[in-house]
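Hi,

Here is the structure I promised to pass on. Have a look at it first, and then read my notes below.

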Amino acid sequence: MFRPLSHTLLLVCALALATVAPSASAADGPTPRIGLVLGGGGARGAAHVGVLKKLQELRIPVDCVAGTSMGGLVAGAFSSGLSPAEMQTALQEADWRDMFSDSASYADFTPRLKGFSQSYIPGSEGGIKNGTLQFPSAVLSGQKIKFFIDRLVRANAAPQRIEDQPLPLALVTTDIVTGEARVWRNGDLATLMRATMSVPGLMAPVKYEDLSLVDGGLVDNVPIAQVQQLCHPDVVIAVNVGSPLLKAEDIDASPLAVTGQMINLLTEQNVTKSLTLLRPGVDVYIRPALTGITSGDFERSEETIAQGYAAAASAEPQLRHLAVSAEQYAVWQRSTSRQTLPEITVQAIHATGLPPKQAQVLTEKLDTKPGAALNVQALENDLLNAYGEGRYSNVAYQLVRESEGTALNILATEKPWGPDLVRAGVNFSWGSSEEARYNVRAAYHQTRLNDDGGELLLAGQMGSDNFLGADYYQPLETASAWFVQAQGFVRSRSADLYENGTAQARFKVNTAEMNGAFGLNLGRYGVLKSGLLQRSQSAETTIGSSSLLGDNNAVHNTAWFVTADLDRFNSPFFPTGGWRARLTQTQASDYTKLEGSYAQSVSLGAYVLTGRMAFTRATDGTLPIGDSASLGGTNNLSGLAYGQVVGSDMRYLGLRSEKIMGRMPLGMRGDLRLGLSYEAGSMQQRYSETQGSGIIRSSGVYLGGETPLGPLYLGLAKASDNDARLFLFLGNP
C-alpha cells in the first residue's frame, strides 16, 4: 500500500533535518549552560586570552568560570566584564619587570634605606624573632602585582567582590598551613586573585580571613569540579596551560629547577585526577601548544595568546554547536559587560594591621584625605613610598562600602621577620697590579626602640678593612623630619704606598671615633646633618719603611662637621636617570677638609651616559694620611691600582657610556651592560707616587651590572704612564 506523496515529502524533509541537526547552532534549540575552566601555568596562562578571543568570535556565551593561579587572574578579569581584547592590551602594556620588583624606585627610598641599599646585599635582610633567625617567606611580596590587579578589575574605582560580578566566579587557593583547598565564590575580588597567584617561594602568601593563602595549583590546577558545582553546566570547556615535567638534564641544572619540578609534580597529580571528570563527547578539552614558553615568560604574552587562539581554533568542530545567534550573544554581552562607574569620593580612611599610633601616622602621610576624590596614581605612589621606608612586608588598599559611603582601607603588614633585622654585605676587588681585597660585613638593626621610631644599628666588618660600630638614630617625634644621631666606631684600614707604579710599603690606619649630630630629612631627596666628632687616628707601616709615612701619622682632635647628602638616582649603582650630590666640610683643630661630588645619569633607549666629578681639598692645614684622598680603583681612575695615588688635594672627572645588553631574570633586579669609561684626575700634596704630577688619564672597557650580590665590574683599563690593568669588583662598596 502506497503512502500519499505529501507524507513521503514530509518524511524526506524530516530525515534531512535530522542529518544536519548535529551541525546546527544552539540558536536552533535550548541554549546549553556552559562552564569555563582556566588552569594555572604562570605566564603560560596568557593563552587563556587567546581562547576567550576565539569563543567570542564563535559567539559562545559562558555561564560561569573557575580559575586557578594565572587562570584565576584571567577568570577574575573576565568575570568582571573585561573583554578579551582589553585583557590582551593590559598584558602587553604591563611592565612585568617593574611589576616583579616590589618597592618604589630607589629614588623614593628614605635616606636611611638608601644607605642600607648601598652597603648591604639586596634581599639579604632577615630577622631575629623568638630567639631564632628568620627570613622572608618569598622573593616577592607582590606589592605592584596587587596594584595591577586592582586596576584590571577596577577595584581602584569601586568596591569589587566576587559575588557582585556579572559572571559567577570561583577562585581556587591553597591554605599553606593545612594544605587544604580553599575555594572562593564570595569575598574581595582583587585580594583573592592575588592569592591564587602566590607561587610558594616566589610570592608571599596572602593573609585573608585569618588564613595564609597561596597558589591554588598545588591542590586543583584545572578546577573542573569547582565549575560543575558553581553553575551545574551542561558543557564544560577546560583549558590546561600547565608546565610539563622537566627532563633529567634540566632538573640537574640548578636548585631552582628542583623546586620547580616538585611544584610541577604536585600540579600534574591533581590535574590528572581533575581531567577524569570530563565527559567524552560532551565536554571540550583544550591544551595549547606552548613548547618553549615557560611559566616566567610574561613578556612573551602576544606569542602565548596566539597559541591559545590557535588551540581553540583547532577545537572549533567541538565548539561550533555551542554558538548562539548574534542577537542572543548581544544580550549575553550586555548582561556581563562593565557599567560606567562614577568618580569615587572617599568618606573615611582606615589602616588595619598596625598599632594605633603607627596606623595614624601612615594615614596622615597620604595625600588622599576624607571627603576628597580618589586619585589612584597618587595613592599608589604614597603606598610605594610607605613600603620604601623598609618597615612593611606589604602595603595595599581596598575600597569598602560603609553606611556613610565608600571608605578606603589601608592594609599594612609589618615584616613578620622583624622588627629586629639582620643584614649582610660582601665585596671583593682585584686588579692585575695589586693584591685582592675582600670584606664581609653584617649588621643587627633594631627598628622599633620606641614609639617615635628610634633605631639602633650594630655593624661589623672583617677582611682587608675591619670595622665595628654602633649607630643610634632618633626622630624628634613620630614621623618628624628632624632627628638626632649618635655614632661610635673603631676601624682598621690597610692600603699600599706606591712609587713609580710599584707598591713600596703597606700601611694601616687605626681610627676610633665618636660623633653626635642634629639632622633634617629632606623627604626622599636626602639629608642635612651637622654635629661634633671626637677622633683619634694613628698610621703605621706593616710592610716597608715607616719613613714613607712622613710626620702626619697620628691625629687626636675634636672637629665640627656639616654634610649635605642628596640622592635622586633611580638605582644605587647602575642608574638610568637621576642625580646624586654630596658635600661635607670638617673643621678640625689643625686642618679643614672640604669634599664633594656630583653625578648624573641620562638614558636614551638602551644607552646610558653617566658623568661624575669629585674633589677633596684641605682649605686650611694639611690632611693627615688617615683622612686623605686617594685615586685608583674601579670608577676612581680604573687604570690605577686601588689607592695608588694618595694626597691632600684631589680632583676627579669621569664619564661612563654604557649599552644595556640584557636584564636579570624576573624577580631579580638590575641589568647587564657593556661600558666604555674615560676618567681624568689630579692630586696635589701627594703622600704616594710623589714623583708624579699633573693630570692622570684613564680609559677602559668593562662588563657590568647589578647581580644578587651587588654591582659587578669586570674590565680592562689603562692609565697614564701605567701598564694596562685587568680589574674585577663585586659586591657593595
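By class, the lining of the second largest cavity is eight nonpolar residues, with no polar and no charged ones. Those residues are Val49, Leu73, Val74, Ala77, Met87, Ala90, Leu91 and Leu152. Two helices, H3 (70-79) and H4 (84-93), each supply at least two residues of that lining. The volume of this cavity is about 40 Å³, and the count of cavities of 30 Å³ or more comes to five. Do keep in mind that you are looking at a predicted model.

Now for the open spaces. The second largest pocket has a volume of about 1,100 Å³. Its lining takes in 44 residues, and Thr110, Lys365, Glu389, Arg391 and Ala479 are the ones nearest the centre. If you want to find the pocket by its secondary structure, look for helices H6 (111-119), H15 (356-364) and H16 (376-387) plus strands E14 (420-431) and E17 (465-475), which are the elements giving two or more residues to the lining. And what is the lining of the second largest pocket like by class? There are 15 nonpolar, 13 polar and 16 charged residues.

Next, the packing inside. The largest nonpolar core has 69 residues, and the members that touch the most others are Leu36, Ile60, Phe148, Ile237, Ile286 and Leu319. Take Leu319 as a way in: setting aside neighbours within four places in sequence, Leu319 is in contact with Leu55, Leu58, Ile60, Ile237, Val284 and Ala312. Apart from this core lies another one, of 24 residues, including Val346, Leu354, Tyr387 and Tyr397.

Last, the cysteines. How many disulfides does a search of the whole structure find? The search turns up one. In general, a disulfide is a covalent bond between the sulfur atoms of two cysteines. Here the partners are Cys64 and Cys231, with their sulfur atoms 2.0 Å apart. The link between Cys64 and Cys231 is left-handed, at -50° about the S-S bond. Cys64 sits in strand E2 (residues 64-68) and Cys231 in helix H9 (residues 224-231), so the pair ties together parts that are 167 residues apart in sequence.

Are these two cysteines buried or exposed? Cys64 has 0% relative accessibility, so it counts as buried. Cys231 is buried too, with a relative accessible area of 10%, because the cut-off for buried is under 20%.

Cheers

Terms used:
Residues numbered from 1 in each chain as written. Predicted model: local features only at pLDDT ≥ 70, side-chain atom pairs only at ≥ 80, totals over all residues. Heavy atoms only, no water. Core = buried A, V, L, I, M, F, W, Y, C linked by side-chain atoms within 4.5 Å. Buried < 20%, exposed > 50% of the residue type's maximum accessible area, 1.4 Å probe, protein only. Contact = heavy atoms within 4.5 Å. 1 Å grid on protein atoms, 1.4 Å probe; cavity = no way out; pocket = protein on both sides within 12 Å on 5 of 7 lines; lining within 4 Å. Points joined across faces, edges and corners; volume = space filled by probe spheres on them. Helix = DSSP H or I, 4+ residues; strand = E, 2+ residues; numbered from the N terminus. Nonpolar A, V, L, I, M, F, W, Y, C, P; charged D, E, K, R; others polar. Disulfide = S-S within 2.5 Å.
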